[in-house]
Amino acid sequence: QVQLIESGGGLVQAGGSLRLSCAASGLIFSNYAMGWFRQAPENQREFVAAITWSGRDTFYRDSVKERFTIFRDNDNNSVYLQMNSLKPEDTAVYYCGAVFTRSNYLGGIVAETTQPDYWGQGTQVTVSS
């Protein structure tokens, strides 16, 4: 049984930082690209960041570039999202997703035409102004 369990969400003031974690089990983690996605109230879920199976390549939506960093630890089956300089518009439920691929091209994930094979349950991030 595949499980993705996110943690690290919370309430933070604008300009602050949070680190989200996603612990995976029940799959061969290094066979999967990993992504972070978010859904704000009344909005559709959107792509935030993705990382290839090896961690060599990373991809970000424009609005989080230079502020967010995705990285992974394949020895511990975990992926992380370091979020700095948070803004109120970053408020959302954040989800991690696993995509079965060893490709270094993650354009489908970035364009949201490729949906993850597995999803976590989400963790709330609230940024106050």
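Reader: Does Arg 56 count as buried or exposed, and at what relative accessibility?
Author: This is a predicted model. Arg 56 joins Asp 57 in a salt bridge, with N to O at 2.9 Å. Exposed means over 50% relative accessible area. Arg 56 therefore counts as exposed, at 61%.

Reader: Which residue forms a salt bridge with Asp 90?
Author: The closest N and O atoms of this pair are 2.8 Å apart. Asp 90 is buried, with a relative accessible area of 1%. The residue that forms the salt bridge with Asp 90 is Arg 67.

Reader: How many residues apart in sequence are the parts that the pair of Asp 90 and Arg 67 ties together?
Author: The salt bridge is between Asp 90 and Arg 67. Asp 90 lies in the loop between β8 (78-83) and β9 (92-100), and Arg 67 in the loop between β6 and β7 (68-73), so the pair ties together parts whose separation in sequence is 23 residues.

Reader: Which residues are linked with Arg 67 and Asp 90 in a network of salt bridges?
Author: Arg 67 is buried at a relative accessible area of 10%. Another salt bridge has the side chains of Arg 38 and Glu 46 meeting at 2.7 Å, N to O. The network links Arg 67 and Asp 90 with Arg 38, Glu 46 and Arg 61.

Reader: Does Glu 46 count as buried or partly exposed?
Author: Its salt-bridge partner Arg 38 counts as buried, at 6% relative accessibility. Buried means under 20%. Glu 46 has 23% relative accessibility, so Glu 46 counts as partly exposed.

Reader: What is the nearest side chain of opposite charge to Glu 6?
Author: Glu 6 is in strand β1, residues 3-7. Glu 6 is buried and has no salt bridge. A salt bridge needs the nitrogen and oxygen within 4 Å. The nearest side chain of opposite charge is 7.3 Å away and belongs to Arg 45.

Reader: Which backbone nitrogens does the side chain of Glu 6 reach?
Author: Leaving aside its neighbours within four places in sequence, the contacts of Glu 6 include Trp 36, Tyr 94, Gly 120 and Thr 123. Its side chain reaches one backbone nitrogen at 2.9 Å, that of Gln 121. The side chain also reaches, at 2.9 Å, the backbone nitrogen of Gly 122.

Reader: Why is strand β5 largely enclosed by the rest of the structure?
Author: Strand β5 covers residues 46-51. A residue counts as buried under 20% relative accessible area. Strand β5 is largely enclosed because the number of its 6 residues that are buried is 5.

Reader: What is the bridge partner of Met 34 in β5?
Author: Strand β4 (residues 32-39) and β5 run antiparallel and are joined by 5 bridges. Their hairpin has 6 residues between the strands, and Glu 42 takes a positive phi near 65 degrees there. The bridge partner of Met 34 in β5 is Ile 51.

Reader: Which residue in the turn between β5 and β6 has a positive phi of about 90 degrees?
Author: Strand β6 (residues 58-60) pairs with β5 in the antiparallel sense over 3 bridges. One of the bridge pairs is Ala 49 with Tyr 60 in β6. The hairpin of β5 and β6 has 6 residues between the strands, and the residue with that phi is Gly 55.

Reader: What is the radius of gyration of the protein?
Author: The protein has 1 helix and 11 strands. Its C-alpha atoms fill a box of roughly 40 × 25 × 25 Å along the principal axes. A compact globule with 129 residues would have a radius of gyration near 14 Å, and the protein agrees with that at 13 Å.

Technical notes: Residues are numbered from 1 along each chain as its sequence is written. This is a predicted model: local features need pLDDT of at least 70, side-chain atom pairs count only at pLDDT 80 or more; totals for chains, interfaces and linings use all residues. Side-chain values use heavy atoms; hydrogens and water are left out. Helices (H or I, at least four residues) and strands (E, at least two) are DSSP runs, numbered from the N terminus. Buried means under 20% relative accessible area, exposed over 50%, partly exposed in between (1.4 Å probe, protein chains only). Lys and Arg count as positive and Asp and Glu as negative; His and the chain ends are not counted. A polar contact is a pair of N or O atoms within 3.5 Å; within protein, one must be able to donate a hydrogen and the other to accept it, and residues adjacent in sequence count only if both atoms are side-chain atoms. Contact means heavy atoms within 4.5 Å. Two strands pair if DSSP finds at least two bridges between them. The radius of gyration is taken over C-alpha atoms; the globule rule is 2.2 Å times the number of residues to the power 0.38.
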